[in-house]
Amino acid sequence: MVAAPVLEELREVCQPQAKLASRNGEHWAGRLYMRRVSLRFTRQLVRTPVTPDQLTWTMVVCGVASGAALMIPGLTGAVLAVILMQLFLLFDCVDGEVARWKGQNSAAGIYVDRLGAYLADAALMAGAGYRAAESGVGGWLSIGIATALGVVLLKASTDLVDVARARRGLGVVDDEATRPRSQGVASVRRLAAAFRIHRVTNGIEASLVLLVAAVADQVTGGIDPTRWALGALAVITWVMVPAHLLSILSSSRLR
């Protein structure tokens with residue numbers, strides 16, 4: 001069997017600083033701990049015939065399964081959802097690292113990766129709605145689905161910037177262009193960023209919020225904490241949808 005590459009050599013190729021330093025290109029959990037874990041998985045996987053696309057599809061399955069896990073009542077479903085969402089993050093890191101090492105980057109891989117991000121976050125919110133409804137029907141399920149739609153709109157509004165720029169023959173937007181030109185919008189954005197409340201619209205953070213709510217459910221003997229958590233996620237998501245659109249239109253991203 002081919003010898004595993006040295007970690008430092010692997011890190012230099014698979015984890016370029018430009019990507020890790022990008023505010024929009026790397027999840028905070030990736031920088032904090034997952035990139036340390038993923039590199040060790042990548043070190044073994046590059047010695048196998050496993051392709052980046054296979055790893056990306058595994059990521060998609062883990063993300064969707066995280067939402068499905070919330071359909072399991074009690075603490076078990078919430079814990080399983082967190083574990084699967086962490087696996088989603090792990091494979092999200094590993095697929096790109098293997099692709100860079102093997103030189104197997106592809107448009108199809110990028111497409112499936114983005115599709116997986118949409119499906120995972122949406123599935124988690126829909127699963128939370130099913131969980132809050134207990135019976136799987138009624139108003140809470142509708143709130144979960146509405147939150148899932150809001151999350152998809154947030155991601156789509158970001159990705160559509162790249163679509164619009166590509167159609168105009170423009171390059172990939174840099175971090176500087178994301179700054180709002182309006183001082184008022186910039187001030188509001190800085191305030192929101194200080195509290196990081198927008199992060200709970202992502203599946204990684206939302207799964208942790210729902211786990212805390214599930215623990216509270218166990219303590220109280222009811223489902224109200226999960227319902228309160230889902231209600232908060234719904235409000236934050238739908239406040240973020242127009243706010244994010246305004247942030248994009250008031251920046252230089254489309255210029």
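## The second largest pocket

Leu70, Met71, Pro73, Gly74, Tyr130, Arg131, Glu134, Asp217, Gln218, Gly222 and Ile223 form the lining of the second largest pocket in this predicted model. Two elements, helix H6 (107-133) and H9, each give two or more residues to that lining.

The space in the second largest pocket comes to about 190 Å³. By residue class, its lining holds 5 nonpolar, 3 polar and 3 charged residues.

## Glu205 in helix H9

Helix H9 covers residues 203-220, and Glu205 is one of its residues. Leaving aside residues up to four places away in sequence, Glu205 touches His27, Trp28, Arg199 and Val200.

Glu205 is buried, yet this residue has no salt bridge. The nearest side chain of opposite charge belongs to Arg199 and is 4.9 Å away. A salt bridge requires a side-chain nitrogen of Lys or Arg within 4 Å of a carboxyl oxygen of Asp or Glu.

## The chain as a whole

The protein chain has 10 helices and 0 strands. Read from the N terminus, the order of its elements is α-α-α-α-α-α-α-α-α-α.

Among contacts in the protein chain with a separation of 6 or more, 78% are between residues 24 or more positions apart.

Notes. Residues numbered from 1 in each chain as written. Predicted model: local features only at pLDDT ≥ 70, side-chain atom pairs only at ≥ 80, totals over all residues. Heavy atoms only, no water. Helix = DSSP H or I, 4+ residues; strand = E, 2+ residues; numbered from the N terminus. Buried < 20%, exposed > 50% of the residue type's maximum accessible area, 1.4 Å probe, protein only. Lys, Arg positive; Asp, Glu negative; His and termini not counted. Contact = heavy atoms within 4.5 Å. 1 Å grid on protein atoms, 1.4 Å probe; cavity = no way out; pocket = protein on both sides within 12 Å on 5 of 7 lines; lining within 4 Å. Points joined across faces, edges and corners; volume = space filled by probe spheres on them. Nonpolar A, V, L, I, M, F, W, Y, C, P; charged D, E, K, R; others polar.
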